[in-house]
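Here are a few notes to read alongside the model. Keep the 3D view open and look up each residue as you meet its name.

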Amino acid sequence: MKILGIESSCDETAAAVVEDGVKIISSVVASSAEMHVKTGGIIPEKAAREQLKSIIPVINEALKETKIENIDAIGVTIGPGLIGSLLVGIEAARTLAYTFRKPIIPVNHLIAHIYANFINDKVPQFPCLCLVVSGGHSDLVLMKDHGHLEWIGGTRDDAAGEAFDKTARLLGLPYPGGPAIGLGAKTFIDNNPDFELSLFPRPMINDDNFDFSFSGLKTAVLRYTENNKDIDKNRLCAEIQQAIVDVLLKKTIKAVGFYKPKSLLLAGGVAANNHLRENFVKKAEELNLPFYCPPRLLCTDNAATIASCAFFNQKLYPVEKIEANPELTINDAP
Ligand code: KG4
Ligand code: ZN
């Protein structure tokens, strides 16, 4: 079964064709992130305008190898995200579904991030413990089966990606902050492999729950930079990255001990972070727990994950019932 996935929840416009949820035939992503570098963050109105420019060329490109007649269904992100951006993808999907008489499957963007791990020769075994860390969300979920997710914890304030983005801005680094901090951190760690990185707080790390809090990190970085003008910026990157990685790893491993999953999955844009990946690989090896982490290009927003999620959760909807829901949570089935 071939599904055309369409994603437009934020600043990426993406379309992909995926076969049986696991094999990518095409995947095209256009990003307006570069435009947002100037403003240090996304301006929703501008992001939506860029989506409008890109959506038709991106879908066209994704359908180069597969005629629309050979597509069995269309999966589209309905939320969470920016309303103006979401509507662009949804209206494109609805128009195609209506014109070519294709069934349409609504997709929860956060759950789709997890499916980046299923686009694989070897799919993860249930129950999976999944850490989903993106720009707007950080959630720990127990996935018992397709369509059976139990939320067990998440951020109380800023998401992990948001913490990277906001602290990067404080350091004068470009948007998105995650890759920039990752790069600075790598430079510092390569030159100072034994340096103890303990400058910033790890809120809630020892609390008896599976929640996170990252807003204090931003304040701590602000205070520190105000009082220490000459500190090596790369060291600060390494300190920020380590504080985030420590909390994510410790809380996730605590959840592993409690829920005893058969596999551990990392997902979302922040999962592209090398240091986070390496730390998870090491820990999972120690625990002898099968660990999955998507290739970097499937961590950040794309439409292959949308098509895969649609395949494994085939809730067909009438075209007129598909609606954007900017506030959708990982707990909500679309
Ligand atoms: O999942 P995603 O592409 O979009 C959302 O659904 O939000 O995640 C974007 C987030 C941004 O906050 C970005 O800074 C972060 O992922 N990110 C990274 C890296 N690449 C992207 N964070 C840390 N290290 C990276 N290499
Ligand atoms: Zn995302």
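**Notes on the ligand, the zinc ion and the cysteines**

1. Let's start with what lines ligand 1. The shell around ligand 1 is made up of five nonpolar, 12 polar and two charged residues. Please keep in mind that this is a predicted model.

2. Which residues of that shell are the closest to ligand 1? Of the 19 residues that surround ligand 1, the closest are H113, G135, D165, G178 and G269. Try to find each of these on screen before you read on.

3. The backbone takes part here too. A backbone N or O atom of G178 lies 3.0 Å from an oxygen atom of ligand 1. For G161, a backbone N or O atom is 3.1 Å from a ligand 1 oxygen, and a backbone N or O atom of D301 is also placed 3.1 Å from an oxygen atom of ligand 1.

4. How much of ligand 1 does the protein cover? On its own, ligand 1 has 560 Å² of accessible area, and the protein covers 87% of that.

5. Now to the zinc ion, which is ligand 2.

6. Finally, the cysteines. A disulfide is a covalent bond between the sulfur atoms of two cysteines. How many disulfides does the model have? The count is zero. The sulfur of C299 has its closest cysteine sulfur in C293, 4.9 Å away, which is too far for a bond, because a disulfide needs the two sulfur atoms within 2.5 Å. C309 is in no disulfide either, and its nearest cysteine sulfur, that of C130, is 11 Å away.

7. One last thing to check in the 3D view is where these cysteines sit. C299 counts as buried, at 0% relative accessibility, and C309 is buried as well, with a relative accessible area of 5%.

How values were computed. Residues are numbered from 1 along each chain as its sequence is written. Chains are lettered from A and ligands numbered from 1 in the order in which they are written. This is a predicted model: local features need pLDDT of at least 70, side-chain atom pairs count only at pLDDT 80 or more; totals for chains, interfaces and linings use all residues. Side-chain values use heavy atoms; hydrogens and water are left out. A residue is near a molecule or strand if one of its heavy atoms lies within 4 Å of it. A polar contact is a pair of N or O atoms within 3.5 Å; within protein, one must be able to donate a hydrogen and the other to accept it, and residues adjacent in sequence count only if both atoms are side-chain atoms. Accessible areas come from the Shrake-Rupley method with a 1.4 Å probe; for residues, only the protein chains shown count as cover. Ala, Val, Leu, Ile, Met, Phe, Trp, Tyr, Cys and Pro count as nonpolar, Asp, Glu, Lys and Arg as charged, and the others, Gly among them, as polar. Buried means under 20% relative accessible area, exposed over 50%, partly exposed in between (1.4 Å probe, protein chains only). Donors are N, O and S atoms within 2.8 Å of the metal (3.2 Å for Na, K and Ca); water is not among the atoms, so sites may look incomplete.
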